[in-house]
Amino acid sequence: MSAVLAAEGVAPGVAADGPIVELEAARVVYRDREVLHGITLAIRAGERVALVGPNGAGKSTLLRAVAGTVPVRTGSVRLAGDPIDRLDRGEVARRLAVVP
């Protein structure tokens, strides 16, 4: 799976140099197995990020956590400063596109 994280401009209330995507101490459990262990990451508008690793390393799970399609057990995921779990699916779709 590969992905493109892209942002048009900056959301209102977010500093122009602030992160568009942020994970802070994110932990994801999948099928009773901890897959992501305290991931902290910040991606600014215009940055390109490549996720590389062997099968089963958690690359797809990380993308799903960023997109809000798998729950983060602890920690947080924010899009343009807003917690993703407080945004409805339409708002997430306006801010983020994941293309497998």
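Is Glu-24 buried, partly exposed or exposed? Glu-24 counts as partly exposed because its relative accessibility is 43%, where buried means under 20% relative accessible area, exposed over 50%, and partly exposed in between (1.4 Å probe, protein chains only). The model is predicted: local features need pLDDT of at least 70, side-chain atom pairs count only at pLDDT 80 or more, and totals for chains, interfaces and linings use all residues. Residues are numbered from 1 along each chain as its sequence is written, and side-chain values use heavy atoms, with hydrogens and water left out.

**Strands and their pairing**

- Helices (H or I, at least four residues) and strands (E, at least two) are DSSP runs, numbered from the N terminus.
- Strands β1 and β3 run antiparallel and are joined by 5 bridges; two strands pair if DSSP finds at least two bridges between them.
- Val-21 has Leu-79 in β3 as its bridge partner.
- Strands β3 and β4 also pair in the antiparallel sense, over 2 bridges.
- Opposite Arg-78 stands Pro-83 in β4.
- The hairpin of β3 and β4 has 2 residues between the strands, and Ala-80 takes a positive phi near 50 degrees there.
- In a regular strand the side chains alternate between the two faces of the sheet.

**Glu-22 in strand β1**

- Glu-22 is placed in strand β1, which covers residues 19-30.
- Glu-22 counts as buried because its relative accessibility is 19%.
- Leaving aside residues up to four places away in sequence, Glu-22 touches Leu-41, Ala-42, Ser-76, Val-77, Arg-78 and Gly-81; contact means heavy atoms within 4.5 Å.

**Salt bridges**

- A salt bridge is a side-chain nitrogen of Lys or Arg within 4 Å of a carboxyl oxygen of Asp or Glu, and by this rule the count comes to 6.
- One of them joins Glu-24 and Arg-78, whose closest N and O atoms are 3.2 Å apart.
- Glu-24 lies in strand β1 and Arg-78 in strand β3 (residues 74-79), so this pair ties together parts that are 54 residues apart in sequence.
- Arg-78 is buried, because its relative accessible area is 17%.
- Another salt bridge is formed by the side chains of Glu-34 and Arg-27, at 2.3 Å from N to O.
- Both partners count as partly exposed: Glu-34 has 30% relative accessibility, and Arg-27 has a relative accessible area of 25%.
- The side chains of Asp-82 and Arg-95 also meet in a salt bridge, at 2.8 Å from N to O.
- This pair links distant parts of the chain, with Asp-82 in strand β4 (residues 82-83) and Arg-95 in helix α2 (residues 89-95), 13 residues apart.
- Asp-82 is partly exposed, with a relative accessible area of 31%.
- Through salt bridges that share partners, Asp-82, Glu-91, Arg-94 and Arg-95 are joined into one network.

**Glu-47 in a loop**

- Glu-47 is placed in the loop between β2 (33-44) and α1 (59-67).
- Glu-47 is partly exposed, because its relative accessible area is 37%.
- The side chain of Glu-47 reaches the backbone nitrogen of Arg-44 at 2.6 Å.
- Glu-47 and Ile-20 are 27 residues apart along the chain, and their C-alpha atoms are separated by 9.6 Å.

Terms used
Polar contact = N/O pair within 3.5 Å; in protein donor to acceptor, adjacent residues only side chain to side chain.
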